[in-house]
Amino acid sequence: DSVIYDGGRLYVMSRDGKLDAFAADTGKQLWQFLYSPVEDPECHSGLTLSNGRLFFGGGMFDRNNAPGKFLWAVNAATGSEIWRYQSHFQFGATNTDCTNTPVAEGDTVVFTTANAVAAVRASTRKPLWNHLVTVLSGGYPKALVLSEPIIGTGVVFAANDRALLSWSAGDGHPLGELPGKVGTDPQVVHMV
């Protein structure tokens, strides 16, 4: 579950495929957005609020296709969907493309899925850049799973089990890494 307070409202994302807005002073429900109305959501993330938009990861289940996993943008005032962006970077993967809690700065939203880091335009969902983080192991590329990202002053950071990595938020070019065992387990590693 994830909760954000802003401007007298509480935004609550629950594990049952719902995003709700409540008046903080009365508890009255203002709106409800069903992002996975039929089944339990596929790998929901935490919430991020920026410029009147709520961003989060989660999927809808479709029996005819693979589970859809998306980065969502929802209008914080009305609870209506602005857009959704399918987060497949490793095609054929099952749960490896679950979107971690996204971060926003200006008109850029950055998110990680498995070993990918990506940025989209917050207002339009237009892809800006993405990178897969791999190393060679036995002559083959090995995925290095990334933590949730953080962003500040135009720099994006995420960790894997070998280093703290950084990229330019504007164009995605790598800015370097700080070696060390940081880890990616969302129960243990929280980027702040």
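This is a predicted model: local features need pLDDT of at least 70, side-chain atom pairs count only at pLDDT 80 or more; totals for chains, interfaces and linings use all residues.
**Entry 1**

I began with the strand order. Four strands, β9-β10-β11-β12, make up an open sheet in that order, and their pairing is antiparallel. I then looked up the edges. β9 (103-105) and β12 stand there, each with a single partner strand, so one side of each has no neighbour in the sheet. I also noted the angle between neighbouring strands of this sheet: on average they are turned by 15° against each other, direction ignored.

**Entry 1: pairings within the sheet**

I went through two of the pairings. Strand β10 (residues 108-113) runs antiparallel to β11, and six bridges join them. In this pair, F111 stands opposite A118 in β11. On to the next pair: β11 and β12 also run antiparallel, joined by five bridges. Here A118 turns up again, standing opposite N130 in β12.

How many residues lie between β11 and β12 in their hairpin? I found five. R125 sits in this loop, between β11 (116-121) and β12. Its phi is positive, about 70°, although R125 is not a glycine. I noted that most residues other than glycine have a negative phi. Is R125 buried, partly exposed or exposed? R125 has a relative accessible area of 38%, which makes this residue partly exposed.

T153 is in the loop between β15 (150-152) and β16 (155-159). Phi of T153 is positive too, near 50°, and T153 is not a glycine. Its relative accessibility is 80%; the cut-off for exposed is over 50%, so T153 counts as exposed.

**Entry 2: the second largest pocket**

I turned to the second largest pocket, which holds about 200 Å³ of space. Its lining has 15 residues, and the closest to the centre are V133, N160, L165, W167 and E177. I sorted the lining by class: eight residues are nonpolar, five polar and two charged.

Which strands each supply at least two residues of the lining? They are β12 (127-132), β13 (134-137), β17 (163-168) and β18 (174-179). β17 gives the largest share, four residues.

Terms used
Residues are numbered from 1 along each chain as its sequence is written. Side-chain values use heavy atoms; hydrogens and water are left out. On a 1 Å grid over the protein atoms alone, a cavity is a set of points where a 1.4 Å probe fits but cannot get out, and a pocket is an open set with protein on both sides within 12 Å along at least five of seven lines; lining residues have an atom within 4 Å of a point. Grid points are joined across faces, edges and corners, and a volume is the space filled by probe spheres set on the points. Ala, Val, Leu, Ile, Met, Phe, Trp, Tyr, Cys and Pro count as nonpolar, Asp, Glu, Lys and Arg as charged, and the others, Gly among them, as polar. Buried means under 20% relative accessible area, exposed over 50%, partly exposed in between (1.4 Å probe, protein chains only). Two strands pair if DSSP finds at least two bridges between them. Axes are lines fitted to C-alpha atoms, for helices over the stretch in contact, and angles run from 0 to 180 degrees between N-to-C directions.
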